[in-house]
Amino acid sequence: MNTQDVNAADSSSAKPNIAFIGLGNMGAPMAENLLKAGYALSVYDLSKDATQRLQQAGAKVADSPKGAASNAQVVISMLPAGKHVHSVYLGDMGLGESKSKGLLSELPQGTLVIDSSTIAAADARIVAEAASQAGIDFLDAPVSGGTGGAIAGSLTFIVGGSADAFAKAEPILAVMGKNIFHAGEHGAGQVAKICNNLLLGILMAGTAEAINLGVKNGLDPKVLSDIMLQSSGRNWTLEVYNPYPKVMDNVPSSNGYQGGFMTKLMQKDLNLALQTAQNTNVNTPMGAKATELYEAHTVENGDRDFSSIMALHDSSVLS
Ligand code: NAD
């Protein structure tokens with residue numbers, strides 16, 4: 001372990017160099033916003049297409065997480081699931097995917113690590129504990145707001161970790177988000193995030209069901225959506241993410257359900273929520289039903305945006 005103290009992300013000093021790992025639907029626009037705000041960025045992703053986009057935007061591309069972090073005081077990751085996060089940070093100490101050393105063993109003391117992936121709170125706490133032993137500040141900082149929020153820099157960050165690390169991270173998170181919450185200690189950000197996504201999964205499934213009922217009874221989906229938007233059924237999916245094609249511009253449902261938040265990722269989050277509920281003897285019957293629906297839908301549509309749950313009622317929306 002390198003024991004050099006790098007005095008990470010002191011907001012009173014010059015902008016820290018940032019390593020960004022995971023440049024998918026969310027990570028790419030988040031990283032682009034950091035570049036626009038003048039941060040020097042070094043990036044890594046397994047996908048060459050993903051890194052190319054960031055290279056064109058002005059980032060330095062590395063060929064490993066270690067390479068990306070070599071001159072960085074802050075590391076941000078935006079990866080699909082817990083196994084990827086463990087693989088990057090813990091390597092062989094993690095869930096067995098990687099044969100390499102984890103990034104935590106390579107970083108100088110004082111580095112600030114911000115993981116914005118949605119993963120189990122228990123997995124986040126394992127990384128936080130390993131980081132703490134290496135003298136590294138770790139925050140779980142999952143986000144809400146979708147790809148639209150990532151592009152607009154208006155995400156909600158839900159952060160777990162120490163108050164000191166939170167204070168160091170806040171100016172950086174403020175570049176990518178509008179609302180930044182300190183939920184509590186390590187893992188608290190992930191717990192709050194899966195509570196939110198449990199509700200989101202239910203709301204999207206319910207909204208799709210209601211629109212389908214109206215359409216099958218002769219209503220125009222846009223007219224019905226406008227009515228519900230001004231009535232007590234109003235919710236985030238009706239406001240900014242309507243699941244019915246062509247009701248709204250610039251949402252996945254009007255683009256063949258491409259991009260956005262993949263059904264398999266929603267499925268992962270619902271399972272995290274149900275697992276947490278089971279571990280703590282909490283009853284989540286609506287969540288269990290929603291999980292069943294997304295599970296059935298994931299079989300053939302896992303890579304489509306989760307609003308394609310609409311197709312459970314009307315498969316023609318996919319064409
Ligand atoms: P994505 O699949 O589009 O992107 C993930 C990226 O990580 C891919 O580019 C992939 O190549 C890369 N990757 C995977 N393993 C890697 C590794 N070991 N090293 C480097 N790169 C690796 O997923 P996304 O939609 O960007 O979601 C990322 C996270 O954010 C997930 O945990 C998801 O649940 C969460 N999230 C997504 C949304 C959304 O609307 N898409 C909203 C909120 C939260």
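The model is predicted, with local features requiring pLDDT of at least 70 and side-chain atom pairs pLDDT 80 or more, whereas totals for chains, interfaces and linings use all residues. Residues are numbered from 1 along each chain as its sequence is written, and side-chain values use heavy atoms, leaving out hydrogens and water.

The domain assignment, which is automatic or from a database, gives domain 1 (3-185) and domain 2 (192-318). Their centres, taken over C-alpha atoms, are separated by 28 Å. Between the domains about 890 Å² is buried, 65% of it from carbon and sulfur atoms; buried area is the accessible area (1.4 Å probe) that two parts lose on being put together, summed over both. Of the area that domain 1 buries against domain 2, N25, T118 and I158 supply 43%, more than any other three residues.

The ligand lies between domain 1 and domain 2, because both give residues to the shell around it. Of the 26 residues around the ligand (a heavy atom within 4 Å), N25, M26, D45, P80 and K268 come nearest. Helix 11 (263-279), a DSSP run of H or I with at least four residues, gives the most to this shell, with three residues.

Polar contacts are pairs of N or O atoms within 3.5 Å. An N or O atom in the side chain of K268 is 2.8 Å from a ligand oxygen atom, and a polar backbone atom of G260 is 2.9 Å from a ligand nitrogen atom.

Notes. Polar contact = N/O pair within 3.5 Å; in protein donor to acceptor, adjacent residues only side chain to side chain. Helix = DSSP H or I, 4+ residues; strand = E, 2+ residues; numbered from the N terminus.
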